[in-house]
Amino acid sequence: MTRVVAVRHGETHWNRNGRMQGWAPTDLNDTGREQASAAGGWLADAYDVDRVFASDLRRTRATADRIGEALDDAPVEYDPAWRERDMGVYQGLTYEDVEDRFPEFGLGQTAYEAALAIPEGGESLRDMADRVTAAFNRLVDRHPGETVLVVTHGGPLHVLLGYVKGMALQEALGSHHMANCGVNEIRATEEECRVVSENVTDWR
């Protein structure tokens with residue numbers, strides 16, 4: 001069995017202000033740093049982590065660094081495949097602004113019906129989903145029997161949970177909520193892949 005423990009990054013100021021971050025180089029705020037440290041302590045008690053994969057964006061790197069301090073220096077590999085969706089020119093706008101002015105790129109029903117729409121300079125929801133699920137499948141194939149921690153973003157986590165549950169992309173994006181440093185566990189064997197827990201924040 002391969003156990004994949006997937007965690008969202010800690011809070012940033014853009015999270016608090018409801019702004020789309022995409023690939024922006026935003027860092028954790030004080031709350032986010034506290035969340036990452038607390039989550040790290042909880043994860044160290046709950047799991048024997050063999051290795052860590054993380055999105056290479058600044059907020060996920062900072063989260064992985066703080067969590068890693070509690071994990072006896074498990075090796076960390078930064079992989080752009082675990083990045084959030086690239087929102088291109090709409091990066092930095094609030095979710096409300098995007099829903100009102102550019103609904104095809106928001107997270108409402110119109111956006112679900114336009115999963116292939118590409119914001120200028122960005123990527124479609126489908127492209128993001130394809131790279132995330134491919135990264136997950138590579139991880140499971142290459143690390144059988146291990147416990148692997150993944151530090152990523154809200155969008156990829158919604159995609160990943162939906163993928164394991166057999167949901168369509170549109171349904172997956174609308175059916176999940178992910179707190180900053182929310183923890184999810186997926187177990188994969190040769191017979192099945194299933195979600196064991198999701199959005200756990202017992203470290204609070």
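View 1. Strands pair if DSSP finds at least two bridges between them; helices (H or I, at least four residues) and strands (E, at least two) are DSSP runs numbered from the N terminus. Strand 5 (residues 183-188) and strand 6 run antiparallel and are joined by five bridges. Arg 187 has Arg 194 in strand 6 as its bridge partner.

Residue numbers start from 1 along each chain as its sequence is written. Because the model is predicted, local features need pLDDT of at least 70 and side-chain atom pairs count only at pLDDT 80 or more, while totals for chains, interfaces and linings use all residues; side-chain values use heavy atoms, leaving out hydrogens and water.

View 2. Contact means heavy atoms within 4.5 Å. The buried residues of helix 3 are Arg 59, Thr 60, Ala 62, Thr 63, Ala 64, Ile 67 and Gly 68. Buried means under 20% relative accessible area, exposed over 50% and partly exposed in between (1.4 Å probe, protein chains only). The cover over these residues includes helix 2 (30-46) and strands 1, 2, 3 and 4.

**View 3. Arg 83 and its surroundings.** Arg 83 lies in the loop between strand 3 and helix 4 (95-101). With a relative accessible area of 17%, Arg 83 is buried. Its side chain makes a polar contact of 2.6 Å with that of Asp 56. A polar contact is a pair of N or O atoms within 3.5 Å; within protein, one must be able to donate a hydrogen and the other to accept it, and residues adjacent in sequence count only if both atoms are side-chain atoms. Not counting residues up to four places away in sequence, Arg 83 touches residues including Trp 23, Met 128, Arg 131 and His 153.

**View 4. The nonpolar cores.** The largest nonpolar core has 27 residues, and Trp 82 and Phe 136 have the most contacts inside it. Such a core is a set of buried Ala, Val, Leu, Ile, Met, Phe, Trp, Tyr and Cys residues joined through side-chain atoms within 4.5 Å. Helix 6 (125-142) is among the elements that give two or more residues to this core, and its eight residues are the largest share. A second, separate core of 21 residues includes Ala 39, Ala 62, Ile 67 and Val 200.

**View 5. Aromatic pairs.** The structure holds three aromatic pairs. The rings of Trp 42 and Tyr 47 have centres 6.3 Å apart and planes at 70°, so this pair is edge-to-face. Rings of Phe, Tyr and Trp (its six-membered ring) pair if their centres lie within 6.5 Å; planes under 30 degrees apart count as stacked, over 60 as edge-to-face and the rest as tilted. Trp 42 is partly exposed at 22% relative accessibility, whereas Tyr 47 is buried at 13%.
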